[in-house]
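Thank you all for coming. Please have a look at the structure on the screen, and I will then walk you through a few parts of it.

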Amino acid sequence: MAAAAAEAGELPLSDDILADILIRLPTLADFGRACASCPAFRRVITGHPFLRRLHALHPPSLLGTRTYFGFHPVDAPNPSAPAARALAGAADFDFSFLPEPGFWMVRDERGGRFVVDRDEGMDDTFTTIAVCDPLFRRYELLPPIPGDLAATVQQPDRVNGERRCHVFLAPSDNEEEVVAGARKSFTVIWMAQCPTKLVAFVFSSVSMQWRAVAPASWRDLDPSMRSVSEKSLRYRNYAYGCFYWSLEEFPFRQNLIVLDMGRMKFFRANHPPPRERGEFAIVELGESRLGMFRLASNNMDGGGVLRLFSANWETHGSCVSEWMYEKEAPLSRSYKYDMLGLADGKLILVATQNVRSAPEVHCISLDFKALQHEEIQGMIHHDFRPHVPIPLPTPYMGYPPSLSLPTI
């Protein structure tokens with residue numbers, strides 16, 4: 001009987017026993033090979049219960065970047081290159097499955113899902129918003145922001161060339177709690193910079209409703225602000241349940257603005273000295289330790305230095321204590337640097353050769369602890385050089401298509 005079962009592609013083991021054996025495979029590539037080797041292995045591995053266990057044990061990998069020019073997968077020798085190529089072939093990163101008419105603009109990506117919007121040619125403040133999954137070609141249209149909430153938004157500033165609102169995704173509280181056959185939950189934040197205050201609304205796919213964050217006046221966020229017309233929120237980051245922005249003022253000062261998703265409230269936090277304008281990235285260092293990378297670069301001559309600061313994150317009161325200098329890494333004067341984001345537990349930098357014509361562009365990952373870096377092949381290449389005015393790409397974190405679950 002065992003021989004007959006083996007010839008039929010089945011094994012004389014229950015699916016539960018197979019799952020307990022297969023979950024011990026060390027890498028995602030091993031799971032892919034197991035799927036290809038045996039129908040019984042594939043049935044177990046691609047089942048929702050097993051994939052939930054797998055995702056809990058193995059964090060998603062950096063597979064590439066999505067830009068206005070399409071999806072750019074990582075290349076060999078990166079171990080995620082085969083999965084990235086499979087994703088590029090399987091997913092629809094042009095979002096042709098979204099409803100017509102209208103041009104859909106990508107606003108943010110998190111966990112394999114994207115939030116997009118279109119203004120219908122009439123309103124660049126309260127746009128039509130959708131959350132979509134390009135791999136499984138699914139989408140969900142969000143209901144409009146209710147009139148009583150929309151009435152609190154007055155004369156919002158333009159935040160990019162085409163919109164008067166920020167729209168981005170937040171990690172869900174139950175991101176890993178996926179019920180077989182049901183969608184995953186998601187959270188969308190809509191935010192506007194009004195002349196006197198910062199306004200935000202939060203949509204939950206669980207309640208299917210919008211609710212308001214307590215609005216914050218610019219004077220409360222920065223009592224020393226000389227003119228609210230000079231404000232600018234930049235460099236959005238997320239860690240320990242909070243979003244962080246740099247509130248920059250003319251000419252060279254900046255403060256740290258925080259949105260606590262638990263308390264649904266904005267507040268101001270300390271910024272490590274010096275407070276001059278510049279790129280930063282917030283990271284979770286573990287054990288309630290918050291980290292901040294500050295990029296101090298010489299834009300004219302290239303090079304500069306990357307500094308790491310740390311602070312205690314106090315859960316009671318949700319504030320950041322004083323920052324402490326940890327260490328720094330010098331940057332080559334042959335390149336100019338930009339922060340791309342965080343992926344695979346590393347800081348991702350874009351290095352552009354400091355020459356006038358045909359500069360080389362490289363993507364570099366920097367290990368937090370050792371401050372050792374290595375080049376990432378494929379995401380940045382001769383057809384795409386992300387320098388001003390072209391916006392930087394968004395890192396795409398995910399799993400091979402065969403090991404993915406629908407995000408919508």
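Let me start with arginine 33 and aspartate 30, which both lie in helix α3, 3 residues apart, or about one turn of the helix. What we are looking at is a predicted model, in which local features need pLDDT of at least 70 and side-chain atom pairs count only at pLDDT 80 or more, while totals for chains, interfaces and linings use all residues. Residues are numbered from 1 along each chain as its sequence is written, and side-chain values use heavy atoms, with hydrogens and water left out.

Arginine 33 and aspartate 30 form a salt bridge, with their closest N and O atoms 2.7 Å apart; the term stands for a side-chain nitrogen of Lys or Arg within 4 Å of a carboxyl oxygen of Asp or Glu. Arginine 33 counts as exposed, at 52% relative accessibility, whereas aspartate 30 counts as buried, at 18%. Here buried means under 20% relative accessible area, exposed means over 50%, and partly exposed is in between, with a 1.4 Å probe and protein chains only.

Which residues of helix α3 are buried? In this helix, residues 28-37, they are Leu28, Asp30, Phe31, Ala34 and Cys35. They lie on the same side of α3, because they cover an arc of only 155 degrees around the axis, the arc being that of the directions from the helix axis to the C-beta atoms. On the face turned away from that buried side, α3 carries the exposed residues Arg33, Ala36 and Ser37. The cover over the buried residues of α3 includes α2 (15-22), α4 (39-45), α5 (48-57) and β1 (61-67), where contact means heavy atoms within 4.5 Å.

Let me turn to the strands, where two of them pair if DSSP finds at least two bridges between them. An open sheet is formed by 4 strands in the order β21-β22-β23-β24, with antiparallel pairing. Its edge strands, β21 (335-343) and β24 (373-376), each pair on one side only. Between β21 and β22 (residues 346-353) there are 8 bridges, and tyrosine 337 stands opposite alanine 351 in β22. Strand β23 (residues 361-367) is joined to β24 by 4 bridges, and in their hairpin, which has 5 residues between the strands, leucine 371 takes a positive phi near 55 degrees.

Elsewhere, β5 (residues 128-133) and β6 (residues 138-141) pair in the antiparallel sense over 4 bridges, with glutamate 140 in β6 as the bridge partner of valine 131.

Finally, how many salt bridges does the structure hold? There are 13. In one of them, the side chains of arginine 236 and aspartate 108 meet at 3.3 Å, N to O. This pair links distant parts of the chain, with arginine 236 in strand β12 (residues 232-239) and aspartate 108 in strand β3 (residues 105-110), 128 residues apart. Arginine 236 is partly exposed at 34% relative accessibility, while aspartate 108 is buried at 11%.

Technical notes
Helix = DSSP H or I, 4+ residues; strand = E, 2+ residues; numbered from the N terminus.
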